[in-house]
Number of protein chains: 2
Amino acid sequence: MSSELVQRLQAIVGDACVLTSADDTAPYLNDWRGNYLGCASAVVRPASAAEVAAVVKLCAELKVPIVPQGGNTGMVGGSVPDASGTAIVLSLKRMNRIRDIDLANNAMTVEAGCILQAVQHAAQENHRHFPLSLAAEGSCTIGGNLSTNAGGTSVLRYGNARDLVLGIEAVLPDGRIWNGLKALRKDNTGYDLKHLLMGAEGTLGIITAAVLKLYPLPRSTCTALVAVRDPQAAVLLLATIQAALGDRLSGFELMARICLDHVVRHFPATTEPFSAKHAWQVLIELTDTRKDAALEDALGAALEPAFDTGTAIDAVIASSESQAQALWNIREHIPEAEKLQGKSVKHDISMPISRIAEFILRGDAALKAAFPEAQVICFGHVGDGNLHYNLSFPGGAPTAGQTRTANTIVYMLLDELHGSISAEHGLGQMKRDEITRHKPAVELDMMRAIKKALDPQGIMNPGKVL
Amino acid sequence: MSSELVQRLQAIVGDACVLTSADDTAPYLNDWRGNYLGCASAVVRPASAAEVAAVVKLCAELKVPIVPQGGNTGMVGGSVPDASGTAIVLSLKRMNRIRDIDLANNAMTVEAGCILQAVQHAAQENHRHFPLSLAAEGSCTIGGNLSTNAGGTSVLRYGNARDLVLGIEAVLPDGRIWNGLKALRKDNTGYDLKHLLMGAEGTLGIITAAVLKLYPLPRSTCTALVAVRDPQAAVLLLATIQAALGDRLSGFELMARICLDHVVRHFPATTEPFSAKHAWQVLIELTDTRKDAALEDALGAALEPAFDTGTAIDAVIASSESQAQALWNIREHIPEAEKLQGKSVKHDISMPISRIAEFILRGDAALKAAFPEAQVICFGHVGDGNLHYNLSFPGGAPTAGQTRTANTIVYMLLDELHGSISAEHGLGQMKRDEITRHKPAVELDMMRAIKKALDPQGIMNPGKVL
């Protein structure tokens, strides 16, 4: 049955770009966390929006489901097919050209398959800054970043992925190309369709290109680690620094003691940053476009009242780039160190910044009561209200029952505090059912109505999001 | 026929809040530019989302069109009904409570009918900044601002209205309330419906409340007027200052010579800022959260290379608040001065910043060729690529034919330069047909499909946008 499909796909993209053997297709069928192993009748690698459009048109005609895929680095199984084998995977990785850089407009037009790091580098070569930055940047693609509205470490200062976009080009579920590549900072001429497609995880169409915003290059940086009394003190310190230094604050990462313990244990090159072991610390990064911004002095002055009130209890301000990198190393090694400790129940969650302290207090207590032997590993982007809040068990990988119970405790508390069960990773397959227990029915109905209106055959990434 | 409607509306909101007499309804039926005079069977003034929902449910049952209205300060006839008299106007102005201010989360929950200025003041009283700012701020409402994705003078630094929102509450066309009042900075759990309703000009539902972002209060300001060689020099200067000073740049307003002539003529309290009369000048505003930001020095240093290359040819840096206000007065009096000169053909347009100089050069030439006696009045937000580009005729108000020809010249040039026929005012009634000549058919189809999916009866603000 798939041989007609395969032949017609080959006619569109060429024989070499339709993969069907088990060896060739394997990397496209398994998500990188190893949680979802799918099956596909073919993996198709078009090289242009026109080829994407022809593939989608064919699939619409034959009612073949399409799973769009970028770097396949997603955390929730959104970019791999289900096990039925009826779908094709449409990989955007060959669409990796930077089409245009318009410096006077601070804009860059890129194709969906560009690796995020290549986009960052192209900006830098042109003395501009493209701020989206996340762990997978060496292999994730910008198309995937936009389809999932990626977050990362610069959201505090620059916003989420969707905030970095002026326009997009997309292939719709009927195979038509929508050229929405406007490079405008103001355009009030109807519904904002780019914001609808961004974050839709490929269920409403396939983003094939985008006009990205570029920013002035920061030329001063200051990195510091500040030990704080408790999570509430971290939130207070955030407000103090923002009031004093505004948008210079580009990073504000909370880390619990246990995170440092694990990092120091598993990465001998990292060392304890303070002579004392503090329960909570915040990694702070300030940046400025000015060369002579004197950020160390400014941060020192901003910290003074925090020391006076006991909000801050210790601080290291990096005096060199290597010291700054050493501080960032601690933060960046947490996920790996955690992995080396064994599997855990992971939560990528958000809440109003004002509820972070309460969440940690109550979440810790509830998890401790349910699992006296387990340990909470808490770190995250306090300035975005985004915590990575994981639970590790001494006996190794958590059971399905433990995972379910831990999820229930965390998600119910989030409901009460008006938080979200997915801050930056999206829904994909993993949280597709869970979200129906947390989102208002009317909102789910609107989403379904829009899905039905734009993809009446339901061929775009079925089984994800909705 | 309308008496059943009126009685049932009265039962929902009370007799006093259903207006039907000509005197009472007049202010709601005429747009403030005086271009659109409509008719309505009633003006309804609900006081809560529940009342809005009940009114919409009733209208859905009776298939009565609804025109949502805030401060009725729109520029394109989006907030007034057509002449048929079949619609009701649903005024949000009684929903004017500030529901909540969460300082630690830098967020404020407000009802749709809050006057923009009241929102700004509430933020300021809490030592926060709500940056949306525009000429009508004393009478426009935040609900209208969000429904039209308002622009204004702070877009360069803070983005459009939609960028200032964390969540919304809306009543859908079937009368259900969608509570999307999440106060989260990261939330990837499905389609971004708030961005769909914002900018939809009330055609997909009625925004009844919103969670707004608050920002640190700027504590240093520097205002300057810089004469530049030509529009291209203005664009170069923008890049220079952004590279040096980043987000400190909060205003960058281009003004042609004729704007100053008109202002000085009609407002004797204003004076020529320079001893020489320069063809083009830019009003620059820098702000900083730091008290001791030394912005004058920073601006002086940033301007130096611009003087060396002849990009800048003269500059006044305000040395007091009253001097700064005097410079802003020139900019702010342009629209009034223009009005006193007589009616003109107005264009609220945008383009990539890199095309501004070319647009002005070619637009001026084409208009000059078509109308040798007319004068172009050009000013605007260069940092947003947004020009107010108007044409005034010595004989007084332009004829319909002159207006049509001028529009055609401007809009065709914009198409070529990938610009937009509505930068910040929206489509409303005025540009609803025009947009069909400039937007791709596939985009219009998507808009229609979404409209049909969410408002199958077509009762939400019919005749606007689509």
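# A tour by selection

Start by selecting A:Glu358 and A:Arg362, which both lie in helix 12 (residues 356-370) of chain A, four residues apart, or about one turn of the helix. An α-helix has 3.6 residues a turn, so residues three or four places apart point the same way. What you see is a predicted model, in which local features need pLDDT of at least 70 and side-chain atom pairs count only at pLDDT 80 or more, while totals for chains, interfaces and linings use all residues. Residues are numbered from 1 along each chain as its sequence is written, chains are lettered from A and ligands numbered from 1 in the order in which they are written, and side-chain values use heavy atoms, with hydrogens and water left out.

Helices (H or I, at least four residues) and strands (E, at least two) are DSSP runs, numbered from the N terminus.

## The pair in helix 12

Keep the two residues selected and show their side chains. A:Glu358 and A:Arg362 meet there in a salt bridge, 2.9 Å from N to O. A salt bridge here is a side-chain nitrogen of Lys or Arg within 4 Å of a carboxyl oxygen of Asp or Glu. Side chains of opposite charge can pair when their charged atoms come close.

Are these two residues buried or partly exposed? A:Glu358 has a relative accessible area of 27% and is partly exposed; A:Arg362, at 31%, is also partly exposed. The cut-offs are under 20% relative accessible area for buried and over 50% for exposed, with partly exposed in between (1.4 Å probe, protein chains only).

## The whole of chain A

Along its principal axes, the C-alpha trace spans about 70 × 55 × 45 Å.

Of the 466 residues in chain A, 59% are buried. Take the contacts (heavy atoms within 4.5 Å) in chain A with a separation of 6 or more: 72% of them join residues 24 or more positions apart.

Colour the chain by charge. There are 42 positive and 49 negative side chains, and the centres of the two sets lie 4 Å apart. Lys and Arg count as positive and Asp and Glu as negative; His and the chain ends are not counted. Each charge is placed at NZ of Lys, CZ of Arg, CG of Asp or CD of Glu.

## Between two strands of chain A

The structure holds 52 salt bridges over all chains. For one of them, select A:Glu111 and A:Arg99, whose closest N and O atoms are 3.1 Å apart. A:Glu111 is in strand 6 (residues 107-111) and A:Arg99 in strand 5 (residues 98-102) of chain A, so the pair ties together parts that are 12 residues apart in sequence. A:Glu111 is buried at 3% relative accessibility, whereas A:Arg99 is partly exposed at 29%.

## Helix 9 of chain B

Move to chain B and select B:Arg257 and B:Glu272. Their closest N and O atoms are 2.3 Å apart, in a salt bridge. B:Arg257 lies in helix 9 (residues 257-266) of chain B and B:Glu272 in the loop between helix 9 and strand 14 (280-288), so the pair ties together parts that are 15 residues apart in sequence. B:Arg257 is buried, with a relative accessible area of 14%; B:Glu272, at 24%, is partly exposed.

Stay on helix 9 of chain B. Its buried residues are B:Arg257, B:Ile258, B:Cys259, B:Leu260, B:His262 and B:Val263. Which elements cover them? Among them are strand 13 (249-256), strand 14, helix 11 (321-341) and strand 18 (375-381) of chain B.

## Two loops with a positive phi

Most residues other than glycine have a negative phi. Select A:Glu201, where phi is positive, near 55°. A:Glu201 sits in the loop between helix 7 (193-197) and strand 10 (206-213) of chain A and is buried at 8% relative accessibility.

Next select B:Asn149, which is not a glycine but has a positive phi of about 50°. Its loop runs between helix 5 (142-147) and helix 6 (155-158) of chain B, and B:Asn149 is buried at 5% relative accessibility.

## Last stop: B:Asn126

Select B:Asn126, in the loop between helix 4 (116-125) and strand 7 (128-129) of chain B. B:Asn126 is partly exposed, with a relative accessible area of 22%. Leaving out residues up to four places away in sequence, B:Asn126 touches B:Ile101 and B:Leu103.
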